[in-house]
Amino acid sequence: MNANRLRILSALALTGLLAGCTVQTAWDASPASSSAASSAAPSPAASAAAAAPTKPPLAASKPPVSAKPPEPSRKPAASPSAVATPSAATATTPAATAAATPSPTSAHSAAPTAQKTAAPSASAKPSSSEEKKTLSWYYMKKGPGKVPGFPAETAKYGPDRRAVYVGTGRKVYLTFDTGGPMGDTAKLLKALRDNGVKANFFLAGYNLKKYPDFVKQLVADGDLVANHTMTHTDMTTQTDAEVEKEVRDYELLFEKTTGQPMTRIFRFPYGKYNLHLLEKLTSMGYTSVFWSTAMRDWEPRKNGADDAYRDVMNGLHDGNIILMHQGSEDNINALDRIIKGIKAKGYEFALLTDFLS
Ligand SMILES: [Zn+2]
């Protein structure tokens, strides 16, 4: 929305990075730009990735993903790695590349597996400009069954910046992002219930307000509904007071709608954030969740539900936090098959409350 952002977007467009982004914008993806940002940062990322693995993960941190658009995978062939992040997608290229590079290097393989939680170095306090630097979540694919690589900044997560992007063990976390259209909610719920699966939902506040019965149904069924802000705005453009209002208003609306307390789990719209915001959310009692699989699902897939199924199955790994946009018809059409496929691989479905201590 501001000139800088536009400038960045333009630059990205030139680069070709935007591809996915733009689209995203429409949904939740907007962050595309961010991705770009992230991409820019690639180098660091790379190192980061490496770094992260090395360190011991934090408990708290296990991470998920944010939302958005996974995209990349395909397109960026080049950078498969890039894929991960939805937003990233956008950025894909650069990031990916970068990422890719890094990851390999390091211990990736080794460490990553476990989880990434990262966190270690929380103590080192970054400068204020570093803390406010806009980051766009992404991940770097490493192949079927492997935990992806994650950006360098995850090394700065920790007790004061609680964030999770992947878990451990034979568990999968299905997370639905509903910053956009609601999609076929009946079909979605049927696929979950028929298979006895509970999922995690990040609805924008305006959807929570407009579809209270859907939210009440989720809560009654035991699904997790977590905080995704009232307006689904890029939080990096907001003042602290605005961020607080976005989050607290959501809590109030959720509690009024469902009669239940809000679980302190948060996802940044578009996966756009900065270290300062992570701290801010942590100080408000939240654990931020990103993701380790996302798809280019903000637009119709070439092969429809088959593409959605393939993306999820190809990215499946221990502790996988899967980001799916609820408004994607392809996702919903593939959901029953996806759930059965994941179960067939020996995974169980879990809620993000696993990451709360
Ligand atoms: Zn969203």
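The structure is a predicted model, in which local features need pLDDT of at least 70, side-chain atom pairs count only at pLDDT 80 or more, and totals for chains, interfaces and linings use all residues. Residues are numbered from 1 along each chain as its sequence is written. The protein has 14 helices and 10 strands; helices (H or I, at least four residues) and strands (E, at least two) are DSSP runs, numbered from the N terminus.

**The protein as a whole**

- Of the 357 residues in the protein, 60% are buried. A residue counts as buried if 20 or more other C-beta atoms lie within 10 Å of its own, as exposed if 12 or fewer do, and as partly exposed in between, with C-beta atoms placed from the backbone.
- Among contacts with a separation of 6 or more, 81% join residues 24 or more positions apart. Two residues are in contact if their C-beta atoms, placed from the backbone, lie within 7 Å.

**Helix H11**

- Helix H11 covers residues 240–258, which is 19 residues, and reaches 27 Å from its first C-alpha to its last, close to the 27 Å expected at 1.5 Å a residue. The expected span is 1.5 Å times one less than the number of residues.
- Val 243, Glu 246, Val 247, Tyr 250 and Phe 254 are the buried residues of H11. Seen down the axis of H11, they fall within an arc of 80°, so they line one face of the helix. The arc is that of the directions from the helix axis to the C-beta atoms.
- An α-helix has 3.6 residues a turn, so residues three or four places apart point the same way.
- Asp 240, Ala 241, Glu 255 and Lys 256 are exposed on the other side of H11.
- The cover over the buried residues of H11 includes helix H9 (205–210), strand E5 (224–227) and helix H12 (275–283).
- Gly 259 follows H11 and has a positive phi, near 75°.

**Helix H12**

- In H12, Leu 275, Leu 277, Leu 278, Lys 280, Leu 281 and Thr 282 are buried.
- H11 is one of the elements covering these residues of H12, and the others include helix H7 (128–132), strand E2 (163–164), strand E6 (265–266), strand E7 (272–273) and strand E8 (287–289).

**Helix H14 and its partners**

- Helix H8 (residues 185–194) and H14 have axes that come within 9 Å and cross at roughly 5°. That makes H8 roughly parallel to H14. On the H8 side the contact is made by Lys 187, Leu 188, Ala 191 and Asp 194, and on the H14 side by Ile 332, Leu 335, Asp 336 and Ile 339.
- Axes are lines fitted to C-alpha atoms, for helices over the stretch in contact, and angles run from 0 to 180 degrees between N-to-C directions. Angles under 35 degrees count as roughly parallel, over 145 as roughly antiparallel, 65 to 115 as roughly perpendicular and the rest as oblique.
- Leu 188, Ala 191 and Leu 192 are buried in H8. Viewed down the axis of H8, its buried residues fall within an arc of 95°, so they line one face of the helix. What covers them includes H14.
- On the other side of H8, Ala 186, Arg 193 and Asp 194 are exposed.
- Helix H13 (residues 305–315) and helix H14 (residues 329–344) have axes that come within 8 Å and cross at roughly 40°. H13 and H14 are therefore oblique to each other.
- Residues of H13 that meet H14 include Tyr 309, Val 312 and Met 313, while Ala 334, Arg 337 and Ile 338 are among their counterparts in H14.

- Thr 229 lies in the loop between E5 and H11, and its phi is near 75°, a positive value in a residue other than glycine. Thr 229 is buried, with 25 other C-beta atoms within 10 Å.
- His 232 sits in the loop between E5 and H11, with a positive phi near 55°.
- Thr 175, in strand E3 (residues 171–178), is 49 residues from Leu 224 in sequence and 9.2 Å from it in space, C-alpha to C-alpha.
- Asn 303, in the loop between E8 and H13, is 27 residues from Asp 330 in sequence and 8.8 Å from it in space, C-alpha to C-alpha. Asn 303 is exposed, with 11 other C-beta atoms within 10 Å.
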